[in-house]
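Please examine the following protein model.

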Amino acid sequence: MFLFPGMIGSRKEMKTIEQTVTIKVHLKLHDAADSDKLWQVMVQYMRACNVVSQYIFDHEFELKATHLHKKLYHHLRDQYHLKSQLTNSVVRTVIANYKTVKTQLKQKPYHYWQEQKQGKKKLLTVKRDLSWLWYALRYRRPQADLQRNRDWSVTRNGDLSVNTLTGRIKVTPIYQGLEQYLDGTWKLGVAKLIKSGHKWYLHIAVTKNFPELDIANSQNIVGIDRGLRFLATTYDQKEQVNFFSGQDIIRKRRKFKNLRAKLQAKGTKSAHRRLKKIGQRENRWMTTINHQLSKTLVHQFGSNALFVLEDLTNVRNSTEKSPKANRYERVSWAFFQLEQFLTYKAQMMGSAVVKVAPDYTSQRCPKCTLIRKENRDHYTHEYQCSRCHYRSNDDRIGAMNIQWLGQQYQAGVKRPKLTVAG
């Protein structure tokens, strides 16, 4: 029996943080005609999104909901026969997508080399915004965002009532493996209606408040060095090291890469269809690996732990100089996704994640603090200090330095980073 969400909790002195998770609910339709009704909603919603997107692109990226509502509301309702709430959701969906792209462009500035005097080159950086887009955002996959209690709701017998263009229909949800989010402590929100193959799903956003970790009193600081040879190398306050090998991951990704190259060489329609399926399968596999790794890390260190990661926002800029044979593996692993998964799983466990500057983390000796690039051997994956002769695995060295930066963060340093003395 479905439990309705109750109050999240009273306001206390203890600080809390709101965590949002998306759960995937399979829908069992009661009538074959209901499939056509749901499909019609998604197609019209997609078309309306493209209209709003083009308007935003043509009008200097106007992102004020009130202005767009005034200009487009009646046209969207008349043209696509959407209900009032669905029409409002179209505008919100497109605005949110443009804001996401705006943030992504800001995080990835354009870099180029400029010729200087005496044959020298200088790396220049140009900030990017939405004006860098050549085309309006396009929506090609039918889907729709449904507002809780307006476009979808829970009935007394546990079924879901979903709004369509011709009225409401009832469907039976299948919550397999999602019982923890249905205990009444999670608040249900917007649901995205999606069709995958012949199956229907609702991706429902659920939120809950969790106690925020008091970083100053954290009992365990864990430095995590991310890479490909080892997806993660951890070093904690007990000086224990754990390596999570990525060799099997590398081999499987190379198989995907080689198969993709063969299909691209064929260039047939069937080859392109298979290329698309392979890309989707690889992405799902990568997501599963990141979920498993982040879950393992959180459960291994438990609550009241501070996980420290390098800020890899511009990791692509530093890895594009890698050998061509290894470049694909280096720049295309979903490091940011792993960071997201670890962040929300840690918060739910009563822990936290912080990011520190990645400068010199693999070049600094954790014993005598000497920073020297030549001390690290990329081929043997070994670090040996030229001053104190301390010797260790280079991934372990990185995790140790990241953990040390986490200690500085706990001590009150806002932006701890390693710098070369003198």
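The paragraphs below describe the overall chain and then a single sheet, strand by strand.

This is a predicted model, in which local features need pLDDT of at least 70 and side-chain atom pairs count only at pLDDT 80 or more, while totals for chains, interfaces and linings use all residues. Residues are numbered from 1 along each chain as its sequence is written, and side-chain values use heavy atoms, with hydrogens and water left out.

The protein chain contains nine helices and 17 strands; these are DSSP runs numbered from the N terminus, helices being H or I of at least four residues and strands E of at least two. Along the principal axes, its C-alpha atoms fill a box of roughly 75 × 55 × 40 Å. Of its 422 residues, 44% count as buried (under 20% relative accessible area, with a 1.4 Å probe and protein chains only). Contacts are heavy atoms within 4.5 Å; of those between residues at least 6 apart in sequence, 66% join residues at least 24 apart. The accessible surface, by the Shrake-Rupley method with a 1.4 Å probe, comes to about 25,200 Å², and 49% of that belongs to carbon and sulfur atoms.

Within this chain, five strands form an open sheet of mixed pairing, in the order 12-11-10-13-14. Its edge strands, each pairing on one side only, are strand 12 (241-245) and strand 14 (352-356). Neighbouring strands of the sheet are turned by 20 degrees against each other on average, direction ignored. Two strands count as paired if DSSP finds at least two bridges between them.

Strand 10 (residues 220-226) runs parallel to strand 13 (residues 305-310), and five bridges join the two. Here Val 222 stands opposite Phe 307 of strand 13. Towards strand 11 the pairing of strand 10 is antiparallel, with four bridges, and Arg 226 has Ala 232 of strand 11 as its bridge partner. Three residues lie between strand 10 and strand 11, which form a hairpin.

Strand 11 (residues 230-235) is mostly covered, with six of its six residues buried. Five bridges pair strand 11 with strand 12 in the antiparallel sense, and Tyr 235 stands opposite Val 241 in strand 12. These two strands also form a hairpin, with five residues between them; in the turn, Glu 239 has a positive phi of about 65 degrees.

Helix 8 (residues 335-349) lies across strands 10, 13 and 14 and runs at about 140 degrees to strand 14. Such angles run from 0 to 180 degrees between N-to-C directions, the axes being lines fitted to C-alpha atoms, for helices over the stretch in contact.

How values were computed
Buried < 20%, exposed > 50% of the residue type's maximum accessible area, 1.4 Å probe, protein only.
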